[in-house]
Amino acid sequence: FIRSYIWHRLVKFYKRDILFKDSSYYWALSELKRYIPGSVIAILGRTVFFSKLGVDKKDTGKLLIAEAGIFVLGNSLVSLLALPFITSYFLPWLSNYQFVIVAAVSALSLVYIFNYKFIKILPNFPKRENLFLIFLSFCAVLFFGTGSYMTITSFIPLPINLFLQLSGYFALSILIGYLSIVTPAGFGVREGVIVAGVSKFVSITLSAFAALFSRIVLVLTELLFVLMLYVWHKTKNERVLSIEKWIVNHKQEVILAFLFIVYVIYFSVTSNARYDNFYSGRFDLGNMAQTVWNTTRGRVFLFTNPNGTGMISRLAFHADFLLILLAPIYSIFPNPKTLLLIQALVVGLGSFFVYLIARDKLKNKNLSLTFAFAYLINPSIQRATLYDFHSVTLATTFLLGTYYFYSRKNYGRFLIFAFLAALSKEQIWLIIALFGGLFFLKHKKKIFGASIFILCGAIFYYLVSIAIPRTLGASHFALTYYSEFGDGPLKIIKSIILSPQRIINIVFQQQQLNYLIQLFAPTGFLAFLSPFFLIFAVPDLLINLLSNNSQLHQIYYHYTAAISPFIFICSILGVSYVIKLITNSDHKDFKALNFFIIIYILVASIYSAYEYGPLPGAREQNLDMYTKPVVNREFIDRYLLRIPKQLSVASSNNIGSHLSSRQRIYTLPLGIDKADVIVFLLNDSEPPQSLEQEKKQLEKIRMDKNYQLTVEKDSFVVFRKKRL
């Protein structure tokens with residue numbers, strides 16, 4: 001589809017009135033003809049088809065050469081992803097020349113883009129158009145490589161940690177086949193390259209079958225594509241034509257919807273894989289799931305005390321009342337995976353608010369789409385989505401919605417999203433209070449703004465200083481993270497305000513600085529060009545930066561959920577400021593400026609995703625749920641489901657979320673004397689220190705006369721009280 005769109009843009013250089021569905025249909029028909037030896041018929045077919053549409057045959061020849069160059073360059077860029085694989089498995093000596101290869105391909109691309117005029121036989125496209133076409137070609141081939149990987153791995157287990165490398169390698173296979181023009185569609189050449197690569201993991205026979213199978217899938221999908229284009233080409237239905245017109249006028253929204261769907265599928269599937277392989281434990285998915293499950297059973301907002309064995313209100317730890325609102329959905333689908341799917345959906349929807357905010361402020365759909373894409377590949381947002389379930393993670397989207405409706409002066413919807421955000425965690429009430437201040441000062445809604453400011457500020461104070469300590473029977477547990485500043489919330493706040501030098505010294509420590517870089521780098525530090533709304537992130541930033549708990553100043557958990565929205569808001573406003581600044585100067589080429597900003601954001605966001613993100617191919621990819629699956633997982637699942645829900649269970653943390661649909665669940669070593677059932681899962685899904693402690697506990701239980709061993713299968717061990 002993308003390649004047909006590239007051809008359409010090329011053809012429009014000579015004939016602007018040609019319809020996309022017509023050019024795509026004839027392009028696809030001619031592509032099928034390349035299966036005839038030498039691909040000569042494909043070239044002739046293209047020439048004949050487009051001469052009927054009014055394109056001169058000589059011009060078609062030029063366009064064919066231009067298309068070939070764009071395809072080869074895009075393919076070469078994707079093939080660079082395969083360099084680590086090639087140097088590891090085929091040509092170790094090539095590792096010394098990887099930089100040279102990358103530089104050569106980049107140089108050729110730049111020559112094509114910026115010095116196009118010296119190639120006399122090619123059309124003289126604008127530089128931006130050349131760059132865009134090569135980018136589209138890169139995307140098209142990347143989809144091909146990814147599709148080949150997924151096709152082959154559907155029956156041959158290719159290593160997922162080599163996902164990007166192998167996708168690049170499969171792209172290289174089609175490039176080599178494409179350049180061998182004497183063969184029909186590169187048939188045989190491409191397959192030989194695939195066999196050579198896949199045989200590094202399985203037998204030659206299986207590799208050959210994989211190559212043949214991927215070719216069959218490719219041919220079938222091409223036929224399906226032609227069939228779809230034929231129906232589209234021939235249709236005259238008014239409804240279809242109106243949909244087509246809407247898509248043409250809303251290309252960016254359609255692309256964003258596609259990106260959203262990909263995001264939700266990947267992160268819901270991957271978070272489910274974490275759960276299935278026991279990487280999501282009692283802390284924190286099990287705690288959330290048990291609270292929601294108990295709520296559906298009438299025990300509203302109650303769960304087993306993580307630090308004891310009695311039932312306690314969730315309010316003893318956090319005021320994440322949003323869990324109560326999720327109970328109706330959970331009563332229909334009572335499974336922790338329901339929460340994981342909801343989280344992926346809600347967080348993904350935040351990209352639409354980023355798009356809408358950027359569209360309102362920047363008046364440019366392409367820039368808006370770029371910001372939405374940067375949101376979806378933002379490392380802190382992805383890691384929060386992946387790391388279990390937390391109500392506050394949903395606040396990322398709710399706060400974006402809150403700001404959007406604030407900026408649109410839609411007070412009703414503002415209140416809805418502000419309320420949803422505030423229900424996710426206690427400190428969010430303080431952020432909403434700041435919005436009240438803005439209504440008072442900026443929108444001149446004095447009563448409305450003052451009411452929100454006072455009410456939300458009072459709720460924040462009540463929750464942190466009274467409700468949570470009273471429920472817990474002690475101060476808020478998180479206050480221990482700031483013990484060096486005082487022993488209560490007011491003393492801590494006072495100490496922070498009166499000790500600016502001390503705060504600066506802490507903030508400029510290396511770990512805190514790295515944390516700030518990881519937060520702001522994905523949008524290219526643009527937030528600092530218009531930093532006002534970072535004030536709204538200050539509460540959470542200070543909570544994280546000043547904590548003596550190192551987990552709080554890392555992006556690997558959910559602690560950035562209330563910070564990320566305002567980084568994106570400020571980044572969008574920062575770009576708006578730059579554009580207005582240049583608009584008021586003598587500069588005229590604003591398209592060039594927008595293009596430069598898009599490239600800058602794409603480079604910053606993609607590099608950050610590689611450097612800090614969890615996706616396959618990233619430097620710190622999070623793929624243990626795929627690369628280290630738990631042995632006997634199905635057996636463990638079946639056994640856990642058979643444990644009666646009225647029985648109390650003490651378990652390893654890693655298995656706690658699978659036992660959350662019961663009134664009492666303890667985390668070892670708690671509950672050893674009280675639990676009806678004790679379950680151990682001693683594997684690498686537990687931290688080494690916890691694993692050693694649990695092994696010692698296991699030996700003690702073996703000697704306990706009150707319990708008898710009922711199951712021992714590899715790392716899975718179960719005991720029951722003898723009276724049962």
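Mentor: The strands themselves are DSSP runs (E, at least two residues), as are helices (H or I, at least four), and both are numbered from the N terminus. You're looking at a predicted model, so to speak of a local feature we need pLDDT of at least 70, and side-chain atom pairs count only at pLDDT 80 or more, while totals for chains, interfaces and linings use all residues. Residues are numbered from 1 along each chain as its sequence is written, and side-chain values use heavy atoms, with hydrogens and water left out.

Now the hairpin. Strand β6 (residues 707-713) runs antiparallel to strand β7 (residues 716-721), and six bridges join them. Lysine 713 sits opposite phenylalanine 716 of β7. Two residues lie between the strands, and aspartate 714 takes a positive phi near 55° in this hairpin.

From there, over to the aromatics. Rings of Phe, Tyr and Trp (its six-membered ring) pair if their centres lie within 6.5 Å; planes under 30 degrees apart are stacked, over 60 edge-to-face, and the rest tilted. The whole structure has 55 such pairs. Take phenylalanine 85 and tyrosine 89: they make a tilted pair, 4.8 Å centre to centre with 40° between the planes. Both belong to helix α5 (residues 83-89), four residues apart, or about one turn of the helix. Buried means under 20% relative accessible area, exposed over 50%, and partly exposed in between (1.4 Å probe, protein chains only). Phenylalanine 85 is buried at 0%, whereas tyrosine 89 is partly exposed at 34%.

Another pair, phenylalanine 260 with phenylalanine 352, is edge-to-face: 5.4 Å between centres, 70° between planes. Phenylalanine 260 is in helix α12 (residues 251-276) and phenylalanine 352 in helix α16, so this pair ties together parts 92 residues apart in sequence. Phenylalanine 260 is buried at 14%, and phenylalanine 352 is partly exposed at 27%.

Technical notes: Two strands pair if DSSP finds at least two bridges between them.
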